[in-house]
Amino acid sequence: MAEEEEVSSDDVLMESRPSLVSTRAAHLSPKLQRRGSSSARKFAIRNLPPSTQRVTRRSTRRGSSTASTSCVPAFEGPTSSLVGQEMSSSSSPFFHPPPQQVMDDTTQQSPSYSQNSNSPSQHTFESMEPAAGGSTSMRYSPSGSSEADNPTLGLFSAQASYPYSLRKRRPCLTKDEDLCFPITAATADETPQPTMKKFKLECLSPGEARDFSIEDESGTNLEAKMETTECEPEEEEAVEEEDQQDHINRLPEELLLKVFSFLPDKSLLACSSVSYRFNQISNSHEVWKELYCNLYDYRIPLFHPSHAKFEFREQSRWRDGNPWKESHRQLHHGVHVMKEPRVNLRSVNYRCFDQIEKAQSFLEEDEYREKLIFLHTGVHEPIDTILINTDVQIIGASDSRDITSSVVLEGSKNTALTFTDGSANAYFGFITVRFRADPVCRQQPQIAQQAQQMNHFYSILVTDKDAMPYIERCDITSKVGNGAAVCVKKSAAPKFKYCTVLDCENVGIYITDNATGHYEHCEIARNTLAGVWVKNHANPYFRKCTIHSGKDVGVFTFEHGQGYFEKCNIHSNRISGIEVKNSANPVVIRCEVHHGYTGGIYVHERGRGQFMENRIYANAYAGIWITSHSDPTIRKNEIFTGQQGGVYIFGEGRGLIEQNNIYGNALAGIQIRSQSDPIVRLNKIHDGLHGGIYVHEKGRGLIEENEVYGNTLAGIWVTTGSSPILRKNRIHSGKQVGVYFYDQGHGLLEENDIFNHLYSGVQIRTGSNPKITRNKIWGGQNGGVLVYNGGKGCLEDNEIFDNAMAGVWIKTDSEPTLRRNKIYDGRDGGVCIFNRGKGLLEDNEIFRNAQAGVLISTESNPTLRRNRVFDGKSAGIEITNGATATLEENQLFRNKYGGLCVATGVTPVQRGNRIYDNHDTISRAIKTGLCLFKVSSNNSFPMHNFYRCTTCNTTERNAICTNCIRTCHRGHSVELVRFDRFFCDCGAGTLERHCHLQNVPRDNDTVYDSATPISTETGTEI
């Protein structure tokens, strides 16, 4: 026994082989093997048919030399090989000659781990050197290979299967005791059928496997006694009855569990083949969990279905009955690295080292072993860089809930971990990787600074074309100012997943020189410089990463860097969330960029990029900056609630701003300045706390098919030498002006729909000279178009209608050109020109307005040529209050108060005008004796003789019509003031004397002119 205990588990694995009697009995009855005499004969006899048993027993009692003792092999111990020519004896009904052809044992195997589908199914036997005694032994080898070629074959693979198909044992249970069929040995050529008679467990029971002997009362061994003397039938039956007792199965469950908890994995697998009870206990969760936790330190089974795939799965998610056993089967080839290596005798393949380099060397020497390293709890400090150029798998192992923080790989003199060519399928996971300066350098800052200037240090470096490792659930940081935490370069393409890159003294992840790679579900935060650097044609793919709280930029792409950023959350960075410069061209899609301490996205110095379907909000400055000849594409983004503007384009910036939803920003939704020339198309710009689009300082741009509405100030501003093209936009429902040109603002306003503004639809002032053509301007609460304070402009082919006040206002030295416009259905006048207003009105149609088609007043002097003014509810053209005009070839017809009404002292220039079919409503009212207030009320101002009554002490502000002078003021002292626009104050009831021509007195003040328009309150500066 002492010699047997000294045999190592590797020797057991290498040398133990199944016998040709019964594989289970040979494996699990070491005492039976050791004796090699009576017990073996008993075992053989009990597995014979009943008739044969009787013959054999008789021959045994007689001591006949013909007894088949040669059919029982002799065993030297658990590690002995099969010896003796008796194995091929044809006289034994139990054994057959060993097969010479390739055997297949895939149909039935002993209970153990399932066969790997990739393992070979062919098995052969090879001859070994003659054993002691001159006999030749046979060794089993899978696929014709010897174990010397692959010493690691064995425990949990198909190569360890026995070369004989065994018939499964079926337990037959009764109420009082367990019964089962006897187990018989079988070859691949012949499988005997079981007898129908049920036996109690005999020598094959677990009790036979125990190392004890059955003795009589005198202490003599019964088996030795049977060999030396003949037994009487009664004595033989007593011995046989005693031998049939099952002592092992009488042991308590707790005791067996305790015994099994000390067995190695190989022995547990062997015990599972002994009996039903042993099978249940050896496969229990408690036994395998204890072995598993002591070996791997994990508290949850680790699922490892294939190379570089690892997942911790709760027990309920495993399909296998025992997840601990199944996980051990998947992981048992791995080697272990510990700060203080420990011995573990419960795993046959267990290997442990104190350095990762040693574990790597061991795996490189063993080409058949899976390259898997378990790095256990502790801070591991490699002597130099850990260089990985194979498909090795390194995974952290700890009993902590947070495995990653418990296993640390720390570099101090050089880069901690480097992946190079050959690491295409390498795996690295559940480990903290950090770089700290050497303690000597930290104590001497000058030395540290010089070292940093000479070299770049990284926590992880991935370099060269075929470097494609999978790095999962790692915490990565660097505490030196020269070099990133992660560097990927030279066409490398790693995959990072669920990693964190935090608190680095420099850049978080640095990707350059045509490198690519996948970075998913990573957190990159609190780094001193950019969270991510991409340059030199690198093109990584970032998906669902969180990049936040950086002390610089979140993502920095420059010098032709590219990249694809999808569904990332980029926020709370001190500078912009994303910066693009120097011809970089990233793609940013469905990301959130928010709460930046400056801007959201900054594109400059000829930067490009595509930014699509992102949410950009709550940034301290503009949501997007575009400057210095940059030309990005901004499409389908939601840009809102910025503390300044939405999109800010300046410094000759360009770009395509398309299909975005821009709203709720503190300044303009889009701002274009300093010769910038973007394309702004199909956007919704609304509900801003300032204006919608602001173009200034010689800004340009094509602004088309946008919807601009609900903004606090003007929908679109154009100022200070700017000249954009505004085409096919819907500009509506603003709280001030629709489109506002001021301070030399120019540009083209074409085919827009401008409506429902609180002030005018369009305002032009202070030297601005836009071209406004083919627009619809309607529903303004103040007016359609207001040109004032020296404004100019050319209005052509527009429809201006349904405005609350005049369709077009021209005043205060303004001089626009109105050509081929339709100005109609206004609730006030068509065109109102006053306060020295000028301009040219040519080929317009002005009709169905509530007041005069064209009103010219207060020293104004426009030119009206070839206009058609008709169907007005007042006069066609009225000239009053010291104004004049040049009227050429106009047509005035079907107007209510007349075609042309000229006040006293007005002498316009008239050439070729046609005035016809107008309704002389005022003359008819005078003839019928009605007060003119009956005709006009206080909403219109017909032109007629204007009287005042000195008897009633009226002034020039109180006009009295002809009929009221004749009736109400008969006999009073009256005076003709002038022929002008007014309504009758006597009829309105504003005089002390009651009007006799009105049934109901009214109290209204006289209004001589149309209501003056309201100019915008918008200042000239933001």
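1. Start at alanine 397: setting aside residues up to four places away in sequence, Ala397 touches Tyr296, Asp297, Tyr298, Phe374, Leu375, His376, Thr377, Ile403 and Val407. Contact here means heavy atoms within 4.5 Å. Ala397 sits in strand β13 (residues 393-397), and it is buried, with a relative accessible area of 0%. Buried stands for under 20% relative accessible area, exposed for over 50%, and partly exposed for in between (1.4 Å probe, protein chains only). Glycine 429 is 32 residues away along the chain, and its C-alpha atom is 9.8 Å from that of alanine 397.

2. A word on what you're looking at. This is a predicted model, where local features need pLDDT of at least 70 and side-chain atom pairs count only at pLDDT 80 or more, while totals for chains, interfaces and linings use all residues. Residues are numbered from 1 along each chain as its sequence is written, and side-chain values use heavy atoms, with hydrogens and water left out.

3. Now the strands. Helices (H or I, at least four residues) and strands (E, at least two) are DSSP runs, numbered from the N terminus, and two strands pair if DSSP finds at least two bridges between them. Strand β17 (residues 432-435) is covered on both faces: Thr432 and Arg434 are buried on one side, Val433 and Phe435 on the other. β17 pairs in the parallel sense with β14 (residues 407-411) over 4 bridges, and leucine 409 stands opposite valine 433. β17 also pairs with β20 (residues 475-478), again parallel and over 4 bridges, with arginine 434 opposite threonine 477.

4. On to the core, meaning a set of buried Ala, Val, Leu, Ile, Met, Phe, Trp, Tyr and Cys residues joined through side-chain atoms within 4.5 Å. The largest one has 175 residues, and those with the most contacts inside it are Phe428, Phe542, Ile670, Val762, Val831 and Val854. Helix α13 (residues 285-296) gives the most to this core, with 7 residues. A second, separate core has 18 residues, among them Val737, Tyr740, Tyr742 and Leu786. Back to Ile670: beyond four places in sequence, its contacts include Val647, Ile649, Val680 and Tyr694.

5. How many disulfides does a search of the whole structure find? The count is 0, taking a disulfide as a pair of cysteine sulfur atoms within 2.5 Å. For cysteine 499, the closest cysteine sulfur is in cysteine 474, at 4.8 Å, so it is too far for a bond. Cysteine 499 is buried, with a relative accessible area of 1%, and cysteine 504 is buried, with a relative accessible area of 1%.
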